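Let's go through this one together and ask, each time, what stands behind the words. Have a look at it before we start.

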Amino acid sequence: MPPSPKWVALAEHIRKQIASGELSPGDKLPSTAQLCQIHGVSAIVVRNAMLTLKAEGLVVGVPGVGVYVAER
């Protein structure tokens with residue numbers, strides 16, 4: 001079985017941080033540029049991971065401000 005795409009792995013990593021309490025509701029996630037640097041991925045990888053997490057209701061985006069962990 002081929003490895004999962006990088007955006008799937010990044011989304012899972014952030015999902016685990018939320019589930020463990022490392023990231024709490026209302027916490028601001030690092031910027032796209034910071035996530036690219038931290039995880040060694042491209043902006044499109046971060047974008048796809050964020051779209052997935054937003055669709056799952058785990059994070060919310062505020063245009064021009066950032067992405068935050070959603071309230072439960």
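Two strands count as paired if DSSP finds at least two bridges between them; helices (H or I, at least four residues) and strands (E, at least two) are themselves DSSP runs, numbered from the N terminus. This is a predicted model, where local features need pLDDT of at least 70, side-chain atom pairs count only at pLDDT 80 or more, and totals for chains, interfaces and linings use all residues. Residues are numbered from 1 along each chain as its sequence is written, and side-chain values use heavy atoms, with hydrogens and water left out.

Q: What makes S1 and S2 a pair?
A: Pairing takes at least two bridges. S1 and S2 have 4 bridges and run in the antiparallel sense, so they meet the definition. Within this pair, Val 60 stands opposite Tyr 68 in S2. The hairpin has 3 residues between the strands, and Gly 64 there takes a positive phi near 80°.

Q: Which face of S2 is covered, and which is uncovered?
A: Val 67 and Val 69 make up the covered face, while Gly 66 and Tyr 68 make up the uncovered one.

Q: How do you know that the span of helix H3 is close to what is expected?
A: The expected span is 1.5 Å times one less than the number of residues. H3 (residues 43-55) has 13 residues, for which 18 Å is expected, and from its first C-alpha to its last it reaches 18 Å. After the helix comes Gly 57, with a positive phi near 80°.

Q: Which residues of H3 are buried, and why can we say they sit on the same side?
A: Buried means under 20% relative accessible area, exposed over 50%, and partly exposed in between (1.4 Å probe, protein chains only). In H3 the buried ones are Val 45, Val 46, Ala 49, Met 50, Thr 52 and Leu 53. They cover an arc of only 160° around the axis, so they are on the same side of H3. That arc is taken from the directions from the helix axis to the C-beta atoms. As for what covers them, the list includes helix H1 (6-20), helix H2 (32-39), strand S1 (59-62) and strand S2 (66-69).

Q: What makes a group of residues a nonpolar core?
A: The members are buried Ala, Val, Leu, Ile, Met, Phe, Trp, Tyr and Cys residues, joined through side-chain atoms within 4.5 Å. The largest such core here has 17 residues, and Ile 14, Leu 29, Val 46 and Met 50 touch the most other members. H1, H2, H3 and S2 each supply at least two residues, and H3 gives the most, with 5 residues.

Q: What does Ile 14 touch?
A: Contact means heavy atoms within 4.5 Å. Leaving out residues up to four places away in sequence, Ile 14 touches Leu 23, Leu 29, Met 50 and Leu 53.

Q: Why is the link between Glu 12 and Arg 15 called a salt bridge?
A: The term asks for a side-chain nitrogen of Lys or Arg within 4 Å of a carboxyl oxygen of Asp or Glu. The closest N and O atoms of Glu 12 and Arg 15 are 2.5 Å apart, so the pair qualifies. Both residues lie in helix H1, 3 residues apart, about one turn of the helix.

Q: How many salt bridges are there in the whole structure?
A: A search finds 2 salt bridges. Besides the pair above, Glu 56 forms one with Arg 15, the closest N and O atoms being 2.9 Å apart. Glu 56 lies in the loop between H3 and S1 and Arg 15 in helix H1, so the pair ties together parts 41 residues apart in sequence. Shared partners join Glu 12, Arg 15 and Glu 56 into one network.

Q: Why is Arg 15 called partly exposed?
A: Its relative accessibility is 24%, which falls between the cut-offs for buried and exposed.

Q: How do you know that Ala 70 is buried?
A: Ala 70 has a relative accessible area of 10%, so it falls under the cut-off for buried. Ala 70 is in the segment after S2, and it touches Pro 25, Gly 57, Leu 58, Val 59 and Val 60, not counting residues up to four places away in sequence.
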